[in-house]
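Work through the exercises below with the sequence and the model open. Each task is followed by a solution in steps.

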There are 2 protein chains.
Amino acid sequence: MLLTDRQLLILQVIVDDFIRSAQPVGSRSLSKKEEISFSSATIRNEMSDLEDLGYIEKTHTSSGRVPSEKGYRYYVDHLLSPQVLNQHDVTIIQSIFAEKIFEFEKIIQRSAKILSELTNYTSIVLGPAVSINKLKRIQIIPLNKETAVAIFVTDTGHVENRTFSLPPSVDASDLEKTVNILNERLAGVPLEDLNDKIYKEVAMLLRQHIHNYDLMLHTVADSLKMPINEKLFFGGKTNMLSQPEFHDVAKLRSLLTLIDQEEWIYNLIRNDSAGIHVKIGRENNNSVMDNCSLITATYSAGVENLGTIAILGPTRMEYSRVISLLQFLSKDLTAVLTKLYQNK
Amino acid sequence: MLLTDRQLLILQVIVDDFIRSAQPVGSRSLSKKEEISFSSATIRNEMSDLEDLGYIEKTHTSSGRVPSEKGYRYYVDHLLSPQVLNQHDVTIIQSIFAEKIFEFEKIIQRSAKILSELTNYTSIVLGPAVSINKLKRIQIIPLNKETAVAIFVTDTGHVENRTFSLPPSVDASDLEKTVNILNERLAGVPLEDLNDKIYKEVAMLLRQHIHNYDLMLHTVADSLKMPINEKLFFGGKTNMLSQPEFHDVAKLRSLLTLIDQEEWIYNLIRNDSAGIHVKIGRENNNSVMDNCSLITATYSAGVENLGTIAILGPTRMEYSRVISLLQFLSKDLTAVLTKLYQNK
DNA sequence: TGTTAGCACTCCTAGTTACCGAGTGCTAAT
DNA sequence: ATTAGCACTCGGTAACTAGGAGTGCTAACA
């Protein structure tokens with residue numbers, strides 16, 4: 001069943017007003033709005049219909065109306081007018097990229113911070129996937145007789161390191177030979193494929209040159225097993241405290257506890273498909289998130305999807321503004337990254 | 001003016017009871033305790049005296065008594081019976097060190113987590129000072145024509161890295177020579193002294209061997225300027241939410257916001273002197289912390305003070321237990337670190 | 001002189017009542 | 001189809017009322 005233009009208008013104004021005020025919207029206060037030219041009685045009739053259709057709800061028998069999840073969904077899908085960012089926001093976002101960029105993590109971290117400051121919601125940024133970066137160089141540096149640290153540098157300048165036990169029989173020249181072989185064979189290989197390649201291609205070579213090669217091999221390969229997890233960055237974790245829907249300490253507690261579970265957040269925002277996604281309330285499949293919406297956007301380098309930026313707020317969220325901000329930031333991040341990765 | 005034994009007993013029982021129940025303590029409920037053998041009237045008289053002396057307070061005219069900051073202070077300084085940790089706590093703390101230790105950061109992180117779980121307060125751990133670690137090896141790895149990444153490995157296996165712009169005139173052999181000279185001259189030098197040493201001892205050598213040595217020099221030295229800050233680790237940031245004194249969202253907000261300001265926390269817990277320190281309420285010099293106490297302990301390697309572990313909770317904190325836990329953990333951390341650093 | 005029983009008084013808390021106002025649904029008039 | 005009018009609902013606030021836990025003081029007691 002299709003909504004009439006007037007119903008659309010009323011739904012839009014209700015959502016807008018409730019997003020602004022956090023108060024249930026009544027027919028009389030609606031009728032006073034500029035954009036509305038009909039009486040409160042008419043509005044009451046329309047609201048009654050909208051309620052029957054499930055787009056709005058009452059908090060109690062004689063209260064004003066509040067958007068339902070279905071209402072928000074419709075609002076996001078059909079009523080959102082693409083908003084142009086004001087110059088102030090644009091300037092602030094661009095300030096993220098002002099300095100010369102060497103460490104991409106810094107950029108990501110700053111993005112999270114600024115995003116949360118601009119929106120007053122909680123921002124979550126999933127750092128670029130390191131595991132698809134290609135190996136530039138391996139170094140193994142012995143610390144003492146028993147331990148050494150292996151250092152992996154990617155073509156993007158990211159550095160991973162692992163400390164491991166040296167097999168007792170290995171001497172300095174063995175190490176050097178191993179490192180040479182590894183560099184020769186593994187340069188340009190994505191980190192996620194290293195383990196595979198080591199066993200398939202490097203093992204044989206090592207056997208020819210190194211005494212006790214298998215211990216060495218396993219040790220190095222093992223040190224790579226530890227997953228190279230993308231890092232999560234947060235901004236404004238405490239912003240939720242200023243949202244009236246979280247004045248209840250119990251709710252607050254469960255939400256903040258959830259946010260602290262990185263694994264869960266990781267699965268939540270790790271989006272398969274590119275672009276902007278809006279998940280409203282129960283669409284997040286967790287009762288703690290019932291009053292929350294999550295908006296995610298992806299950023300990439302060239303065609304390769306690299307990471308996600310997300311905003312977590314109450315369902316009563318400024319969807320239009322947040323979407324614009326995410327779109328803009330995602331575009332900028334992609335531009336910077338594409339340039340960075342092209343440079344190799 | 002000295003307190004009588006009976007006053008001490010009463011003060012102690014009041015603090016103990018209030019720490020447990022968070023409710024003002026009345027004379028009648030006190031008189032029912034085992035350890036107390038005199039009537040409620042007597043207790044009322046004594047309490048009145050204790051109040052005059054400033055050790056306890058009323059929340060309103062006819063309420064029970066609550067310890068004042070002065071009361072807590074006296075309790076901590078004189079009435080605390082050194083508590084023996086139960087086996088359960090000991091086991092859990094020791095589990096931190098169960099795995100083989102390569103990355104000390106992991107240990108620190110786990111310590112923070114477990115400490116907050118054992119206490120239900122917020123734990124803060126200041127990671128070991130990296131800047132006093134000695135340089136084991138420098139590596140410089142060019143990423144492309146314009147940029148390279150410098151990697152600094154310490155004798156403890158810690159890895160720092162900095163990306164920087166390559167001066168246009170530098171070629172591969174220059175880089176190699178530079179790295180060799182740096183390693184030759186700087187191995188064993190604490191990170192915090194590197195910058196100094198580079199200008200004092202390495203500059204001249206570089207001049208002899210490298211074309212355009214000064215650009216190279218400045219670039220490498222600059223990349224070291226970025227301060228190597230000790231990292232802060234937190235555990236149980238949300239534990240405050242379950243404390244009844246923070247059922248007020250406004251207070252909660254200001255406290256959590258404060259906790260998120262790393263710079264401030266850094267100064268708060270960065271203790272000059274070794275050992276356990278207890279700061280109660282206003283002793284922390286911040287109105288947001290008026291209802292909070294902070295207990296800090298230091299850990300070290302050999303004689304060298306390395307870092308701090310701290311517990312932040314309400315003034316109504318289980319001082320005895322927390323102090324025991326911190327003492328125990330601090331001792332263990334010190335033992336592990338001392339061994340680790342001895343090993344070179 | 002130190003201790004205790006007794007008692008009047010204070011003040012918080014929880015429950016009750018009353019009332020106001022914003023809002024609704026329905027009906028009848030336009 | 002729209003709107004004015006009206007009765008009704010219900011949440012929120014304020015005012016009031018016990019009940020109870022606690023205090024301070026006084027007077028009796030060991």
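**Exercise 1: DNA strand D**

In the side chain of R65(B), an N or O atom is 3.1 Å from a phosphate oxygen of DNA strand D. The model is predicted: local features need pLDDT of at least 70, side-chain atom pairs count only at pLDDT 80 or more, and totals for chains, interfaces and linings use all residues. Residues are numbered from 1 along each chain as its sequence is written, chains are lettered from A and ligands numbered from 1 in the order in which they are written, and side-chain values use heavy atoms, with hydrogens and water left out.

Task: describe the surface near DNA strand D.

Step 1. Take further polar contacts (a pair of N or O atoms within 3.5 Å; within protein, one must be able to donate a hydrogen and the other to accept it, and residues adjacent in sequence count only if both atoms are side-chain atoms). The side chain of S27(B) has an N or O atom 2.6 Å from a phosphate oxygen of DNA strand D.

Step 2. Assign elements, where helices (H or I, at least four residues) and strands (E, at least two) are DSSP runs numbered from the N terminus. Two or more residues come from α3 of chain A and likewise from α3 of chain B. The largest contribution is that of α3(A), with 4 residues.

Step 3. Sort by class: 3 nonpolar, 12 polar and 5 charged residues. Here Ala, Val, Leu, Ile, Met, Phe, Trp, Tyr, Cys and Pro count as nonpolar, Asp, Glu, Lys and Arg as charged, and the others, Gly among them, as polar.

**Exercise 2: DNA strand C**

Task: which residues come nearest to DNA strand C?

Step 1. A residue is near a strand if one of its heavy atoms lies within 4 Å of it. There are 19 residues around DNA strand C, and S27(A), R6(B), T42(B), T61(B) and S62(B) come nearest.

Step 2. Check individual contacts. R6(B) has a polar side-chain atom 2.7 Å from a phosphate oxygen of DNA strand C. S39(B) uses a backbone N or O atom, 3.1 Å from a phosphate oxygen.

**Exercise 3: the chain interface**

Task: how many residues of chain B are in contact with chain A?

Step 1. With contact meaning heavy atoms within 4.5 Å, 39 residues of chain B touch 39 residues of chain A.

Step 2. The two chains bury about 3300 Å² between them, 59% of it on carbon and sulfur atoms. Buried area is the accessible area (1.4 Å probe) that two parts lose on being put together, summed over both.

Step 3. Across this interface there are 0 salt bridges, a salt bridge being a side-chain nitrogen of Lys or Arg within 4 Å of a carboxyl oxygen of Asp or Glu. The interface has 5 residue pairs in polar contact, both residues at pLDDT 80 or more.

Step 4. Relate the copies by least squares on the C-alpha atoms of residues with pLDDT of at least 70 in both. A rotation of 180° with 0.0 Å of shift along its axis superposes chain B on chain A, with an RMSD of 0.2 Å. This is the relation of a two-fold axis. In chain B, V249(B) has the C-alpha nearest the axis, 3.5 Å from it.
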